Amino acid sequence: MSAPLWAAVTALVIWAGLLFCRGRFWFSDQHLSPPVANLAGRPWPDVAAVIPARDEAPTIGRAVASLLAQDYPGRLDVFVVDDNSTDGTAEKAREAAEAAGAGDRFHLVSGKPLADGWSGKLWAVSQGLAAARDGAPDAAYVLLTDADIDHDPANLRRLAAKAEMEKRDLVSLMVLLNCETPWERLLIPAFVFFFQKLFPFPWVNDPTDSTAAAAGGCMLVRRKALEDAGGIEAIRGRLIDDCALAALLKARGSIWLGLTRETISLRRYDDLAEIWRMVARTAYEQLGHSILALLGTLVGMALLYLVPPVAVVWGALVGEWDLAAAGAAGWGLMVMAYFPTLRLYGRPAWTGLALPLAGLLYTLMTADSARRHWLGRGGGWKGRTYAGPDPKAEE
C-alpha cells in the first residue's frame with residue numbers, strides 16, 4: 001500500500017470511529033425540553049444574573065432587555081458589571097433597564113481595576129457575584145451570561161426546570177452564533193462542530209463520564225455548588241473559563257450542556273480576522289501550552305480534514321482510483337457527520353464539502369495561537385494580554 005493510500009485509508013477509518021464510537025457527538029440532539037408550567041409543586045427558585053461587560057455598548061442594551069423580559073415565575077435580579085468600559089456601556093445598560101421598568105431588579109456594578117492573577121472576565125464575574133450576595137441573597141442560582149446574548153423569553157424557565165428536575169449543578173447552552181456573513185457561514189458551524197467533537201455533549205451530560213464542558217455565554221449555576229467548590233476564585237486565572245468551571249463542578253456533581261435555536265449571540269464576525277483573533281486567543285491554552293499536543297493536533301487536523309479531498313483530486317488526476325475512492329469515502333463520512341450542525345444553522349448539506357477548508361483555517365489559527373503565546377501575546381483580548389494561567393489558580 002502506497003503512503004498516500006495508507007493516509008487516505010487511515011483518515012477513513014478514523015472518521016468511521018468518530019461516527020460510531022464518540023458519543024454520537026455529531027447528532028447535535030442535546031436540547032432543552034419545552035417550557036413547563038410548574039416544578040411539581042415546588043416554588044421557582046430566585047436567580048441572580050451576572051453580566052461582565054467591557055466595551056459592549058452595541059449589544060448590552062438588548063442583552064439586559066432580554067433578561068428583564070423573561071417569562072420566569074421566580075424573581076430574577078440582573079447585575080451588570082461595567083468592567084472599566086470607555087464606550088458608554090454602563091449608560092446603555094441603565095437605559096435598557098429603565099425602559100423595561102426594572103426597578104430594584106437591576107443593579108449596576110462599577111468594576112475595579114484588574115487584580116493580579118485574575119483573567120479580566122472572571123475578575124468582573126467575581127465582583128458581580130459579590131454584589132449578588134448582598135443584592136440577591138436568596139437566589140439559589142446565578143446565571144452567568146455575556147453582554148452580547150439575546151435570551152429567548154422562555155430561556156431561564158427552561159434552564160431552571162432542567163437544573164431543578166434533574167438536580168444539575170450547571171446547565172449551559174451553546175447559544176446560536178451569528179451566521180450571516182460569508183466568513184461566518186464557512187467557519188461558525190464548523191466551530192460548533194469541532195467543539196462538539198472535542199467535548200461530546202452526551203458524554204458531558206452523563207454523570208458517570210468525566211468529560212466536562214460548558215459554553216460561557218449562558219451558564220445557570222447552583223450557587224451552593226459553586227461556593228462548595230471554592231467559588232469562582234478556584235479558576236480565577238483560566239482563560240477558557242467556561243470549561244474550567246464545568247470541570248470544577250462536575251468533579252462534585254452533575255452538569256448539562258446543550259444547543260439552542262432560540263437564544264442567540266449578537267456578536268458579528270464581519271471578516272476572517274475577527275474569527276481568527278477569537279480562536280487564536282485560546283487555542284494554545286486549550287492544548288495546555290504543550291508543544292507535543294500542538295504537533296499532534298496539527299497532524300491530526302491535516303489527516304482528518306485535508307487528506308480525504310487531496311486524495312480524491314490526486315487519485316483522479318493520476319488514475320489511482322483506489323486512492324480516490326478511499327478519499328471520497330472519508331470525505332463523505334465527514335460531510336455526513338457535519339450535516340446535523342449545518343441543519344442547526346440553516347445551511348444546505350452541500351456546504352459541508354467546504355469543511356476541509358474550514359479545517360485548514362482552524363489548523364492555521366491553532367498554530368498562530370502558539371506563535372502568539374511564544375511572542376508573549378497569548379490570550380490577548382480587549383486591551384489585555386495574558387501570558388498563561390496563574391499557577392496558584394490551579395491549586
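A surface patch, in the sense used here, is made of residues with over 30% relative accessible area and no salt bridge, with like charges joined within 9 Å. In this predicted model, a negative patch of that kind is formed by Asp 87, Glu 91, Glu 95 and Glu 98. Glu 98 belongs to helix H3, which covers residues 89-99, and this residue is exposed, with a relative accessible area of 59%.

From the surface we turn to the sheet. It is an open sheet of 8 strands with mixed pairing, and its strands follow the order E3-E2-E1-E4-E7-E6-E8-E5. At the edges lie strand E3 (106-110) and strand E5 (149-150), each of which pairs on one side only. Strands of a sheet pair through backbone hydrogen bonds, in either a parallel or an antiparallel manner. Strand E2 (residues 76-82) runs parallel to E3, to which 5 bridges join it, and within this part of the sheet Val 81 stands opposite Val 109 of E3.

Which strand is largely enclosed by the rest of the structure? It is strand E6 (residues 170-176), because 7 of the 7 residues of this strand are buried. E6 pairs in the antiparallel sense with strand E7 (residues 218-222) over 3 bridges, and Val 171 has Leu 220 in E7 as its bridge partner. With strand E8 (residues 255-265), by contrast, E6 pairs in the parallel sense over 6 bridges, and here Ser 172 stands opposite Leu 257 in E8.

Definitions and conventions:
Residues are numbered from 1 along each chain as its sequence is written. This is a predicted model: local features need pLDDT of at least 70, side-chain atom pairs count only at pLDDT 80 or more; totals for chains, interfaces and linings use all residues. Side-chain values use heavy atoms; hydrogens and water are left out. Patches are made of residues with over 30% relative accessible area and no salt bridge: like charges are joined within 9 Å, nonpolar side chains (Val, Leu, Ile, Met, Phe, Trp, Tyr) within 5 Å. Accessible areas come from the Shrake-Rupley method with a 1.4 Å probe; for residues, only the protein chains shown count as cover. A salt bridge is a side-chain nitrogen of Lys or Arg within 4 Å of a carboxyl oxygen of Asp or Glu. Lys and Arg count as positive and Asp and Glu as negative; His and the chain ends are not counted. The place of a charge is taken as NZ of Lys, CZ of Arg, CG of Asp or CD of Glu. Helices (H or I, at least four residues) and strands (E, at least two) are DSSP runs, numbered from the N terminus. Buried means under 20% relative accessible area, exposed over 50%, partly exposed in between (1.4 Å probe, protein chains only). Two strands pair if DSSP finds at least two bridges between them.
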